[in-house]
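Let's take a walk through this fold together. Have the sequence and the 3D view open as you read.

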Amino acid sequence: MNLICAEKLDKTYRAGDVDVHAVQSVDFVIEPASFVAFVGPSGSGKSTVLNMIGCLDRPTSGTLTVMGTDVSTLDRNASARFRGQNIGFIFQDFNLIPVLTAYENIEYPLIMVQEWPAAARAKRITELLAAVGMSDQAHKRPDQLSGGQKQRVAVARALVANTKLVLADEPTANLDHDSAYRIIGLMKKMRDEFGTTFVFSTHDPKIMREAELTYALEDGRLQLGTGGNHV
Ligand code: ADP
Ligand code: MG
(Lines give C-alpha, C1' and ligand atoms only; values in the text may rest on other atoms or scores of the structure.)
(Ligands and ions follow the chains in the order given, each with its own letter.)
Protein backbone atom coordinates (compact mmCIF):
# COMPACT_ATOMS: atom_id res chain seq x y z
CA MET A 1 0.00 0.00 0.00
CA ASN A 2 1.18 3.52 -0.72
CA LEU A 3 1.92 5.64 2.31
CA ILE A 4 1.09 8.83 0.43
CA CYS A 5 -0.76 9.27 -2.85
CA ALA A 6 -1.45 12.57 -4.63
CA GLU A 7 -3.53 13.01 -7.77
CA LYS A 8 -3.88 16.25 -9.68
CA LEU A 9 -2.86 18.16 -6.61
CA ASP A 10 -3.24 21.93 -6.91
CA LYS A 11 -2.53 24.81 -4.58
CA THR A 12 -3.32 28.36 -5.56
CA TYR A 13 -2.60 31.29 -3.26
CA ARG A 14 -4.32 34.60 -3.72
CA ALA A 15 -1.75 37.40 -3.42
CA GLY A 16 -3.55 40.75 -3.78
CA ASP A 17 -5.17 40.62 -7.20
CA VAL A 18 -3.17 37.74 -8.61
CA ASP A 19 -3.38 34.00 -8.24
CA VAL A 20 -0.10 32.30 -7.46
CA HIS A 21 -0.17 28.72 -8.74
CA ALA A 22 2.25 27.28 -6.19
CA VAL A 23 1.51 23.64 -7.12
CA GLN A 24 -0.20 22.56 -10.33
CA SER A 25 -1.67 19.19 -11.20
CA VAL A 26 0.99 17.20 -9.38
CA ASP A 27 0.78 13.40 -9.05
CA PHE A 28 3.05 11.29 -6.88
CA VAL A 29 3.19 8.19 -4.73
CA ILE A 30 5.43 7.49 -1.75
CA GLU A 31 5.97 4.00 -0.38
CA PRO A 32 6.40 3.10 3.30
CA ALA A 33 9.96 3.21 4.70
CA SER A 34 11.30 5.24 1.78
CA PHE A 35 13.66 8.20 1.45
CA VAL A 36 12.09 10.63 -1.00
CA ALA A 37 13.18 14.11 -2.11
CA PHE A 38 11.24 16.95 -3.71
CA VAL A 39 13.84 19.06 -5.47
CA GLY A 40 13.78 22.24 -7.51
CA PRO A 41 14.73 25.90 -7.43
CA SER A 42 13.50 28.31 -4.79
CA GLY A 43 9.80 29.06 -5.30
CA SER A 44 9.13 25.85 -7.25
CA GLY A 45 6.55 24.59 -4.74
CA LYS A 46 8.56 22.17 -2.57
CA SER A 47 7.47 23.55 0.80
CA THR A 48 3.88 23.85 -0.40
CA VAL A 49 3.86 20.12 -1.23
CA LEU A 50 5.34 19.23 2.17
CA ASN A 51 2.91 21.53 3.97
CA MET A 52 -0.06 19.88 2.27
CA ILE A 53 1.23 16.39 3.14
CA GLY A 54 1.74 17.62 6.71
CA CYS A 55 -1.78 19.08 6.92
CA LEU A 56 -0.37 22.55 7.56
CA ASP A 57 -2.03 23.72 4.36
CA ARG A 58 -4.99 22.41 2.35
CA PRO A 59 -5.00 21.64 -1.37
CA THR A 60 -7.10 23.91 -3.57
CA SER A 61 -8.11 20.85 -5.57
CA GLY A 62 -7.04 17.28 -6.28
CA THR A 63 -6.78 14.38 -3.88
CA LEU A 64 -4.16 13.73 -1.25
CA THR A 65 -4.21 10.54 0.79
CA VAL A 66 -1.79 10.11 3.68
CA MET A 67 -1.78 6.74 5.43
CA GLY A 68 -5.22 5.95 4.10
CA THR A 69 -6.76 9.26 5.20
CA ASP A 70 -7.99 11.82 2.68
CA VAL A 71 -6.31 14.79 4.35
CA SER A 72 -7.76 17.38 1.96
CA THR A 73 -11.09 17.21 3.76
CA LEU A 74 -9.91 17.39 7.39
CA ASP A 75 -10.98 20.45 9.36
CA ARG A 76 -8.60 22.39 11.58
CA ASN A 77 -8.95 20.23 14.68
CA ALA A 78 -8.90 16.96 12.79
CA SER A 79 -5.79 17.95 10.87
CA ALA A 80 -4.01 19.00 14.08
CA ARG A 81 -4.86 15.64 15.60
CA PHE A 82 -3.82 13.73 12.50
CA ARG A 83 -0.52 15.62 12.39
CA GLY A 84 0.24 15.00 16.05
CA GLN A 85 -0.45 11.30 15.79
CA ASN A 86 1.19 10.57 12.46
CA ILE A 87 3.79 13.10 11.38
CA GLY A 88 7.13 14.42 12.63
CA PHE A 89 8.67 17.63 11.27
CA ILE A 90 12.26 18.79 10.76
CA PHE A 91 12.92 22.37 9.63
CA GLN A 92 15.78 24.25 8.03
CA ASP A 93 16.26 26.49 11.06
CA PHE A 94 15.81 23.65 13.61
CA ASN A 95 12.84 25.31 15.38
CA LEU A 96 13.88 24.17 18.84
CA ILE A 97 12.36 25.93 21.83
CA PRO A 98 15.19 28.13 23.19
CA VAL A 99 14.30 27.93 26.90
CA LEU A 100 14.07 24.14 26.93
CA THR A 101 17.00 21.73 27.15
CA ALA A 102 17.73 19.15 24.44
CA TYR A 103 15.95 16.58 26.61
CA GLU A 104 12.90 18.81 27.10
CA ASN A 105 12.70 19.70 23.41
CA ILE A 106 12.54 15.99 22.56
CA GLU A 107 9.97 15.44 25.33
CA TYR A 108 7.71 18.21 24.04
CA PRO A 109 5.65 16.22 21.48
CA LEU A 110 5.07 13.47 24.03
CA ILE A 111 3.52 15.98 26.42
CA MET A 112 1.80 18.37 24.06
CA VAL A 113 0.58 16.04 21.37
CA GLN A 114 0.40 12.58 22.84
CA GLU A 115 -0.14 11.60 26.43
CA TRP A 116 2.64 9.32 27.56
CA PRO A 117 3.04 8.05 31.13
CA ALA A 118 6.10 9.61 32.76
CA ALA A 119 8.18 6.43 33.00
CA ALA A 120 7.60 5.41 29.38
CA ARG A 121 8.38 8.97 28.32
CA ALA A 122 11.72 9.05 30.14
CA LYS A 123 12.70 5.69 28.63
CA ARG A 124 11.77 6.78 25.13
CA ILE A 125 13.63 10.12 25.34
CA THR A 126 16.73 8.39 26.71
CA GLU A 127 16.63 5.93 23.78
CA LEU A 128 16.29 8.73 21.24
CA LEU A 129 19.07 10.81 22.79
CA ALA A 130 21.34 7.77 22.48
CA ALA A 131 20.19 7.02 18.92
CA VAL A 132 21.18 10.53 17.77
CA GLY A 133 24.40 10.54 19.81
CA MET A 134 23.32 13.33 22.17
CA SER A 135 23.09 11.57 25.53
CA ASP A 136 25.86 13.65 27.06
CA GLN A 137 24.35 16.94 25.83
CA ALA A 138 20.83 16.26 27.12
CA HIS A 139 20.80 19.12 29.59
CA LYS A 140 22.13 21.80 27.27
CA ARG A 141 19.88 24.45 25.78
CA PRO A 142 19.89 25.12 22.00
CA ASP A 143 22.18 28.17 22.34
CA GLN A 144 24.82 25.87 23.85
CA LEU A 145 24.71 23.48 20.88
CA SER A 146 26.21 23.63 17.37
CA GLY A 147 23.97 23.64 14.28
CA GLY A 148 24.60 19.93 13.68
CA GLN A 149 23.81 19.12 17.31
CA LYS A 150 20.62 21.18 17.18
CA GLN A 151 19.50 19.30 14.09
CA ARG A 152 20.24 15.98 15.80
CA VAL A 153 17.91 17.06 18.62
CA ALA A 154 15.31 18.02 16.00
CA VAL A 155 15.64 14.58 14.37
CA ALA A 156 15.09 12.94 17.78
CA ARG A 157 12.08 15.19 18.41
CA ALA A 158 10.60 14.27 15.01
CA LEU A 159 10.96 10.56 15.79
CA VAL A 160 10.13 10.42 19.48
CA ALA A 161 6.38 9.85 19.14
CA ASN A 162 7.04 6.87 16.87
CA THR A 163 5.30 8.39 13.87
CA LYS A 164 5.84 6.59 10.60
CA LEU A 165 6.34 9.74 8.53
CA VAL A 166 8.83 12.59 8.91
CA LEU A 167 8.71 15.68 6.71
CA ALA A 168 12.01 17.53 6.48
CA ASP A 169 12.00 20.95 4.79
CA GLU A 170 15.58 21.72 3.66
CA PRO A 171 17.01 20.09 6.80
CA THR A 172 20.65 20.55 5.79
CA ALA A 173 20.42 24.10 4.40
CA ASN A 174 21.95 25.68 7.51
CA LEU A 175 24.55 23.01 8.19
CA ASP A 176 28.20 22.76 7.19
CA HIS A 177 29.22 19.91 4.90
CA ASP A 178 30.27 17.42 7.60
CA SER A 179 27.26 18.08 9.83
CA ALA A 180 24.96 17.71 6.83
CA TYR A 181 26.49 14.33 6.00
CA ARG A 182 26.11 13.19 9.59
CA ILE A 183 22.45 14.27 9.72
CA ILE A 184 21.65 12.52 6.43
CA GLY A 185 23.38 9.35 7.67
CA LEU A 186 21.47 9.57 10.93
CA MET A 187 18.11 9.92 9.17
CA LYS A 188 18.90 6.96 6.95
CA LYS A 189 19.85 4.87 9.99
CA MET A 190 16.53 5.81 11.61
CA ARG A 191 14.69 4.80 8.47
CA ASP A 192 16.49 1.44 8.47
CA GLU A 193 15.89 0.83 12.18
CA PHE A 194 12.35 2.11 12.61
CA GLY A 195 10.93 1.95 9.08
CA THR A 196 10.22 5.69 9.16
CA THR A 197 9.54 7.34 5.81
CA PHE A 198 11.45 10.59 5.24
CA VAL A 199 10.16 13.11 2.73
CA PHE A 200 12.53 15.99 2.02
CA SER A 201 12.41 19.29 0.29
CA THR A 202 15.95 20.14 -0.72
CA HIS A 203 18.49 21.70 -3.07
CA ASP A 204 21.27 19.73 -1.42
CA PRO A 205 22.99 17.32 -3.84
CA LYS A 206 24.03 15.19 -0.85
CA ILE A 207 20.37 14.43 -0.05
CA MET A 208 19.50 14.01 -3.74
CA ARG A 209 22.20 11.34 -4.04
CA GLU A 210 20.85 9.48 -1.01
CA ALA A 211 17.18 9.68 -2.00
CA GLU A 212 15.70 6.55 -3.48
CA LEU A 213 13.13 8.56 -5.32
CA THR A 214 13.31 12.15 -6.51
CA TYR A 215 10.47 14.35 -7.70
CA ALA A 216 11.65 17.50 -9.46
CA LEU A 217 9.41 20.57 -9.40
CA GLU A 218 9.59 23.68 -11.51
CA ASP A 219 7.05 26.50 -11.29
CA GLY A 220 4.78 24.20 -9.31
CA ARG A 221 4.76 21.43 -11.90
CA LEU A 222 6.37 18.04 -11.71
CA GLN A 223 9.08 17.71 -14.33
CA LEU A 224 8.56 14.94 -16.84
CA GLY A 225 10.65 11.86 -16.25
CA THR A 226 11.02 12.49 -12.55
CA GLY A 227 9.76 10.21 -9.85
CA GLY A 228 12.55 7.79 -10.69
CA ASN A 229 15.82 7.02 -9.00
CA HIS A 230 18.70 9.48 -9.07
CA VAL A 231 17.35 12.08 -11.45
P1 ADP B 1 9.90 26.38 -2.42
O2 ADP B 1 9.72 25.71 -1.09
O3 ADP B 1 10.20 25.43 -3.54
O4 ADP B 1 10.91 27.47 -2.36
P5 ADP B 1 7.21 27.36 -1.97
O6 ADP B 1 6.36 26.16 -1.92
O7 ADP B 1 7.56 28.01 -0.69
O8 ADP B 1 8.52 27.07 -2.83
O9 ADP B 1 6.47 28.48 -2.85
C10 ADP B 1 5.91 28.22 -4.13
C11 ADP B 1 5.26 29.49 -4.66
O12 ADP B 1 4.11 29.80 -3.87
C13 ADP B 1 6.16 30.71 -4.60
O14 ADP B 1 5.86 31.52 -5.71
C15 ADP B 1 5.71 31.39 -3.32
O16 ADP B 1 5.95 32.77 -3.38
C17 ADP B 1 4.23 31.07 -3.29
N18 ADP B 1 3.69 31.01 -1.92
C19 ADP B 1 4.05 30.10 -0.96
N20 ADP B 1 3.33 30.30 0.16
C21 ADP B 1 2.49 31.35 -0.09
C22 ADP B 1 1.49 32.04 0.67
N23 ADP B 1 1.20 31.68 1.92
N24 ADP B 1 0.85 33.08 0.07
C25 ADP B 1 1.13 33.44 -1.20
N26 ADP B 1 2.05 32.83 -1.98
C27 ADP B 1 2.74 31.80 -1.43
MG1 MG C 1 10.74 25.99 0.70
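Two strands pair here if DSSP finds at least two bridges between them; strands (E, at least two residues) and helices (H or I, at least four) are DSSP runs, numbered from the N terminus. What you're looking at is a predicted model, where local features need pLDDT of at least 70, side-chain atom pairs count only at pLDDT 80 or more, and totals for chains, interfaces and linings use all residues. Residues are numbered from 1 along each chain as its sequence is written.

Start with the sheet. It is open, with 6 strands in the order β6-β7-β8-β3-β9-β10 and mixed pairing. Inside, β3 (residues 35–39) runs parallel to β9 (residues 213–218) over 4 bridges, and Phe-38 has Tyr-215 of β9 as its bridge partner.

Now go to β6. This strand pairs in the parallel sense with β7 (residues 165–169) over 5 bridges, with Phe-89 bridged to Leu-167 in β7. Of the 5 residues in β6, 4 are buried, that is, under 20% relative accessible area with a 1.4 Å probe, protein chains only.

Next, the helices. The axes of α5 (residues 147–159) and α6 (residues 177–194) come within 10 Å and cross at roughly 15°. That makes the two helices roughly parallel, a label for angles under 35 degrees, taken between N-to-C directions of lines fitted to C-alpha atoms over the stretch in contact. Contact means heavy atoms within 4.5 Å, and the residues making it include Val-155 and Leu-159 of α5 and Ile-183 and Leu-186 of α6.

Note on methods
Chains are lettered from A and ligands numbered from 1 in the order in which they are written. Side-chain values use heavy atoms; hydrogens and water are left out. Axes are lines fitted to C-alpha atoms, for helices over the stretch in contact, and angles run from 0 to 180 degrees between N-to-C directions. Angles under 35 degrees count as roughly parallel, over 145 as roughly antiparallel, 65 to 115 as roughly perpendicular and the rest as oblique. Buried means under 20% relative accessible area, exposed over 50%, partly exposed in between (1.4 Å probe, protein chains only).
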